[in-house]
Amino acid sequence: GVLVAKTGNMRVTKTFAGNPDAIEAVKEGFSIDVTTDTSDDKVPPHGNRVLSLTDEGVKKSDDGSTYTWDIPVDQYRDYTVAETEYKYTQNGIKTTAEYQVKNSRQADQNTAGWKNGDSALVTGQASQINEVQTVSFLNTYTQPGVMTLKKIDALTGQTMPNISFTVLDEN
């Protein structure tokens with residue numbers, strides 16, 4: 001018989017945060033490219049694709065800040081997942097790009113929290129119950145004079161929700 005690699009599932013998420021004008025402007029041309037490694041000269045069944053915010057089947061959070069795609073991937077094939085057209089350069093606004101990878105069976109691909117960057121290399125895998133390989137992108141658009149604080153768990157590298165900070169002016 002012939003062994004056939006299973007088709008798996010990869011979840012890709014994108015979250016926009018910060019300045020609302022910058023977010024609306026970059027949403028216009030934003031996309032995520034999923035590029036399949038074809039160095040073995042074989043044509044993969046689930047080749048390259050471009051994910052856009054208007055794709056059929058994309059899930060959008062109630063507040064419109066997070067988008068989620070579930071896409072088929074070929075087990076054992078490498079994919080580069082990269083966001084494009086996300087930078088905003090007007091009015092002194094700073095763009096911060098971060099990504100994270102969760103639930104990859106390739107341990108060195110899991111990021112244990114957010115990392116600076118706009119692309120990730122992941123290996124496709126068959127999905128298991130309660131274990132979906134996920135590549136997430138977060139862009140924060142910060143205007144001049146605004147400070148962004150994040151509390152990060154030292155063990156997991158994950159940001160901690162619902163944390164309050166008190167900032168005092170010593171002058």
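# Close-up views of a predicted chain

**View 1. Leu 53 and its surroundings.** Leaving aside neighbours within four places in sequence, Leu 53 is in contact with Phe 16, Lys 27, Phe 30, Val 58, Tyr 67 and Trp 69. Contact means heavy atoms within 4.5 Å. This is a predicted model: local features need pLDDT of at least 70, side-chain atom pairs count only at pLDDT 80 or more, and totals for chains, interfaces and linings use all residues. Residues are numbered from 1 along each chain as its sequence is written, and side-chain values use heavy atoms, with hydrogens and water left out. Leu 53 sits in the loop between β3 (49-52) and β4 (59-60). Helices (H or I, at least four residues) and strands (E, at least two) are DSSP runs, numbered from the N terminus. Leu 53 is buried, at 13% relative accessible area. Buried means under 20% relative accessible area, exposed over 50%, and partly exposed in between (1.4 Å probe, protein chains only). Ile 32 is 21 residues from Leu 53 along the chain, and their C-alpha atoms are separated by 9.1 Å.

**View 2. The whole chain, for orientation.** The chain has one helix and ten strands. Read along the sequence, the pattern is β-α-β-β-β-β-β-β-β-β-β. The C-alpha atoms fill a box of roughly 75 × 35 × 30 Å along the principal axes. Of the 171 residues, 39% are buried. Take contacts between residues at least 6 apart in sequence: 65% of them join residues at least 24 apart.

**View 3. The largest nonpolar core.** This core has 29 residues. A nonpolar core is a set of buried Ala, Val, Leu, Ile, Met, Phe, Trp, Tyr and Cys residues joined through side-chain atoms within 4.5 Å. Met 10, Val 12, Ile 32, Trp 69, Val 81 and Tyr 141 have the most contacts inside the core. At least two core residues come from each of β1 (7-18), α1 (20-27), β2 (31-36), β5 (66-74), β6 (78-84), β7 (94-102), β9 (119-123) and β10. β5 gives the most, with four residues. In soluble globular proteins, nonpolar side chains tend to be buried together. Which residues does Trp 69 touch, not counting those up to four places away in sequence? They are Met 10, Arg 11, Val 12, Lys 14, Ile 32, Leu 51, Ser 52, Leu 53, Asp 55 and Val 58.

**View 4. The open sheet.** Six strands line up in the order β4-β5-β1-β10-β7-β8, with mixed pairing. The edge strands, β4 and β8 (115-116), each pair on one side only. Two strands pair if DSSP finds at least two bridges between them. β1 and β5 run antiparallel over nine bridges. There, Thr 13 stands opposite Thr 68 in β5. β1 and β10 are parallel, also over nine bridges. Lys 14 has Phe 137 in β10 as its bridge partner. β4 and β5 are antiparallel and joined by two bridges. Lys 60 faces Tyr 67 of β5 as its opposite number.

**View 5. Salt bridges.** The whole structure holds four salt bridges. A salt bridge is a side-chain nitrogen of Lys or Arg within 4 Å of a carboxyl oxygen of Asp or Glu. Asp 70 pairs with Arg 11, the closest N and O atoms being 2.7 Å apart. Asp 70 is in strand β5 and Arg 11 in strand β1, 59 residues apart. Both are partly exposed: Asp 70 at 32%, Arg 11 at 29%. Arg 11, Lys 59 and Asp 70 are linked in a salt-bridge network. Glu 83 forms a salt bridge with Lys 14, with closest N and O atoms 2.7 Å apart. Glu 83 lies in strand β6 and Lys 14 in strand β1, so this pair ties together parts 69 residues apart in sequence.

**View 6. Thr 142 at strand β10.** Thr 142 lies in strand β10. Thr 142 is buried, with a relative accessible area of 15%. Not counting residues up to four places away in sequence, Thr 142 touches Gly 92, Ile 93, Lys 94 and Thr 148. Arg 105 is 37 residues from Thr 142 along the chain, and their C-alpha atoms are separated by 35 Å.
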